[in-house]
Amino acid sequence: MKKKTFILTLILSSLLLPGAVAEPQAAPVKEKTKTTIQSDYGDFDYKTKKGIFEGNVVVTDAQLNLKSEKMIVYLAEKDNSVNKVEAMGSVEILHEGKTAYADNAVYSKETGIILLTPKPGGERPKIKDEKGNIVRGNEIVINRNDNTMKAVGRVELEYTPDGKSGDFFGPTKSGATSTNATTGVSHDSAIQPQAPGR
């Protein structure tokens, strides 16, 4: 039996955003943004406002891309906007050059927070940037509203210098450059990177 691929394209302006019913407007309308969800199986219940997608889930969106084994989408009762998303099983989230890996991820629109957690006995979640730097923690909290990240529990940072400014702790001696050094830094409390100048 052939695997059927369930493809659901959600038009945010008509299904997920406030004002789900289209009304005539005098002002020109911006181009609609769409989110595409692909999975082997999909079930959407308009009464409970819940969509379940299972098997090779791939989400493509203007904000981020997500892959997982299963995803549950919860819509708000009032306006059909997405208010919560749960992704489970080999979760991978790509956003602005950074990739997050976890067993589970929960996003709340109300708080703007994505919580990355492991399954019992699973690997700790991590975030890897385009330079190969990696942060791991027992939990990772990403706040999309203020663009911050916290790693909670046993925190580990793998930092790879760019070769121009020396290692993690400062410039190398005699003007030599470091090319492949990796520094592992562990700490038991949360870290929260700050923007320069803070």
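## Close-up views of a predicted model

**View 1. Strands β4 and β5 run antiparallel and are joined by nine bridges.** Strand β4 covers residues 50-60 and strand β5 covers residues 65-75; strands here are DSSP runs of type E with at least two residues, numbered from the N terminus, and two strands pair if DSSP finds at least two bridges between them. A hairpin of four residues leads from β4 to β5, and Val-57 stands opposite Ser-68 in β5. This is a predicted model, in which local features need pLDDT of at least 70 and side-chain atom pairs count only at pLDDT 80 or more, while totals for chains, interfaces and linings use all residues. Residues are numbered from 1 along each chain as its sequence is written, and side-chain values use heavy atoms, with hydrogens and water left out.

**View 2. Strands β5 and β6 form a hairpin with six residues between them.** Nine bridges join β5 to the antiparallel strand β6, residues 82-95, and Leu-75 has Val-82 in β6 as its bridge partner. In the turn, Asn-80 has a positive phi of about 65°.

**View 3. Thr-148 lies in strand β12, residues 148-152.** Thr-148 counts as buried because its relative accessibility is 11%, where buried means under 20% relative accessible area, exposed over 50% and partly exposed in between, with a 1.4 Å probe and protein chains only. What does the side chain of Thr-148 make a polar contact with? The partner is the side chain of Asp-146, at 2.7 Å; a polar contact is a pair of N or O atoms within 3.5 Å, and within protein one must be able to donate a hydrogen and the other to accept it, with residues adjacent in sequence counting only if both atoms are side-chain atoms.
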